[in-house]
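Please find below a colleague's note on the model under review. The points are numbered so that each may be checked separately.

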Amino acid sequence: MTLLVKNLSCSLSGRKIISDINFSLKNGEILKISGENGSGKTTLLRTISGLSSFESGEILINKKEIFLLGHNAGIKQNLTVEEDLEFWSNFYQNKHDDIILKKLNLKSKMHSQCRYLSQGQKQKLALTRLFCSNKSIWLLDEPFSFLDEESSIFLLNKIEKHRQNDGIAIIVSHQNLIKNIDFSINLGAQ
Amino acid sequence: MRIYRLIFLRELRKVFSYKANYIFSLMFYSSIIFLVSIGLQGQNNILTNVAPGLIWVSIILVLFLSFEDIFHDDYYDGTLDMYLIENITFYGFALIKSISHWLANCLPMIIITPIIGIFVNLDSEVILPMMITLIIGTPALSFIGCMGSSLILSLKIHGLIMPIIILPLFLPILVFGIGALDVLIFNGFEELFLRQLALLAGISGLSIAFCPIASAYIIKANYD
């Protein structure tokens with residue numbers, strides 16, 4: 001499996017956000033995208049995932065294998081953590097792992113409504129979906145935001161394991177936490 | 001199909017887990033009817049005559065409160081993104097939202113209508129036809145309302161835009177809904193009642209068939 005992005009250009013409200021981006025990723029490779037706020041990192045991820053349209057260029061990707069972890073993770077305030085996990089487990093037809101819930105300290109929050117979770121806990125809940133989804137292409141937009149140190153290390157290990165299992169990851173991050181990056185793109189200034 | 005069923009069940013769980021939403025709707029519906037019945041105290045004949053119209057108008061007013069946030073949360077909290085990545089179509093999403101809106105908002109009001117009817121002196125013989133017109137007519141309100149809700153999705157300030165756009169579309173439903181009951185109450189023409197009911201069913205059928213398609217296009221346009 002390969003992910004190919006060729007001469008990709010995107011505009012948002014008439015303003016060119018991304019121009020002529022090229023990269024190709026094979027199984028087990030990780031790409032890090034950095035850049036200033038507003039430089040188009042999120043737009044690039046949304047375009048690769050097919051959520052946003054692009055002006056010119058080409059994207060070759062198996063859309064069935066994509067998981068996008070964006071800024072908003074679709075967490076419903078009225079539902080409990082358990083209900084949320086149950087829904088996405090059924091959705092991906094894959095039971096969530098109790099060990100992961102314990103590691104992320106979500107086990108004790110199972111019966112709490114999502115409205116009472118902190119930003120970090122919501123991010124952890126979104127991550128449990130990522131691990132439950134069994135997708136091979138991870139598009140992660142600032143996955144370490146709001147996470148405590150322990151959970152960040154846990155996520156780093158998961159990313160490494162994903163790579164060892166021949167998965168592909170594109171990670172937007174301002175931090176230099178990931179060590180074994182194969183490629184990186186800096187989208188520069190706004 | 002499995003995923004659509006899951007989303008539909010989640011929608012229902014979401015709506016019914018937040019009891020305040022539909023309980024307030026029911027309270028508001030009862031309040032309007034109750035206030036009018038107090039306003040027309042001692043004029044039972046007038047109250048009986050206007051009861052069908054009053055019930056229909058009250059239901060429309062209450063529904064307007066629920067239309068604004070039908071798609072709003074899913075659009076802004078990333079749920080729709082996740083669905084689209086998983087190949088859930090805009091049409092399927094709009095259809096699920098419309099059906100769950102009817103079940104969560106219209107159905108409870110229809111169920112309490114026979115009790116509410118006591119306040120407005122609704123004739124016991126009219127209760128069943130009233131319920132039938134509501135069951136047949138209110139799906140059109142939900143489906144058209146969902147279409148209106150998709151129109152204001154990306155507007156930060158929308159105020160009265162949606163009511164102004166969709167209120168004219170509610171007029172035929174109101175006319176045939178009340179008209180069907182009027183011919184039955186005042187003239188006793190069952191055949192005319194059934195004809196008006198058939199027209200009402202036609203409007204609902206068209207709304208169910210076309211409004212989710214229109215909603216899907218509008219939400220997609222908001223995305224692009």
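**Notes on the two-chain model**

1. In chain B, helix α3 (residues 44-67) packs against helix α7 (residues 124-151) at an angle of about 30 degrees, the axes being 11 Å apart. Axes are lines fitted to C-alpha atoms, for helices over the stretch in contact, and angles run from 0 to 180 degrees between N-to-C directions. α3(B) and α7(B) are therefore roughly parallel to each other; angles under 35 degrees count as roughly parallel, over 145 as roughly antiparallel, 65 to 115 as roughly perpendicular and the rest as oblique. Where α3(B) passes α7(B), the crossing is right-handed (the near helix is turned clockwise from the far one by less than a right angle). Helices (H or I, at least four residues) and strands (E, at least two) are DSSP runs, numbered from the N terminus.

2. The model is predicted: local features require pLDDT of at least 70 and side-chain atom pairs count only at pLDDT 80 or more, while totals for chains, interfaces and linings use all residues. Residues are numbered from 1 along each chain as its sequence is written, and chains are lettered from A and ligands numbered from 1 in the order in which they are written.

3. On the α3(B) side, the contact with α7(B) is made by Pro52(B), Ile55(B), Ile59(B), Ile60(B), Leu63(B) and Phe67(B). α7(B) contributes Met130(B), Thr138(B), Leu141(B), Gly145(B), Gly148(B) and Ser149(B). Two residues are in contact if their C-beta atoms, placed from the backbone, lie within 7 Å. By class, the residues of this contact are 8 nonpolar, 4 polar and no charged (Ala, Val, Leu, Ile, Met, Phe, Trp, Tyr, Cys and Pro count as nonpolar, Asp, Glu, Lys and Arg as charged, and the others, Gly among them, as polar).

4. The contact of α6(B) with α9(B) comprises 9 nonpolar, 2 polar and 1 charged residues.

5. Is Glu191(B) buried or exposed? With 8 C-beta neighbours inside 10 Å, Glu191(B) counts as exposed (12 or fewer other C-beta atoms within 10 Å; buried is 20 or more, and partly exposed lies in between, with C-beta atoms placed from the backbone).

6. Chain A holds an open sheet of 5 strands in the order β5-β6-β7-β3-β8, with parallel pairing (two strands pair if DSSP finds at least two bridges between them). β5 (66-69) and β8 (183-186) of chain A stand at the edges with a single partner strand each, so one side of each has no neighbour in the sheet. Neighbouring strands are turned by 10 degrees against each other on average, direction ignored. β5(A) pairs with β6(A) (residues 137-141) over 4 bridges, and Leu68(A) has Leu139(A) as its bridge partner.

7. Also in chain A, β1 (residues 2-12) and β4(A) run antiparallel and are joined by 4 bridges. Val5(A) stands opposite Ile59(A) in β4(A). Strand β4(A) (residues 56-60) is hardly covered, with 0 buried residues among its 5.

8. The contact between the chains takes 16 residues from chain B and 17 residues from chain A. α1(B) supplies the largest share of the chain B side, 6 residues.
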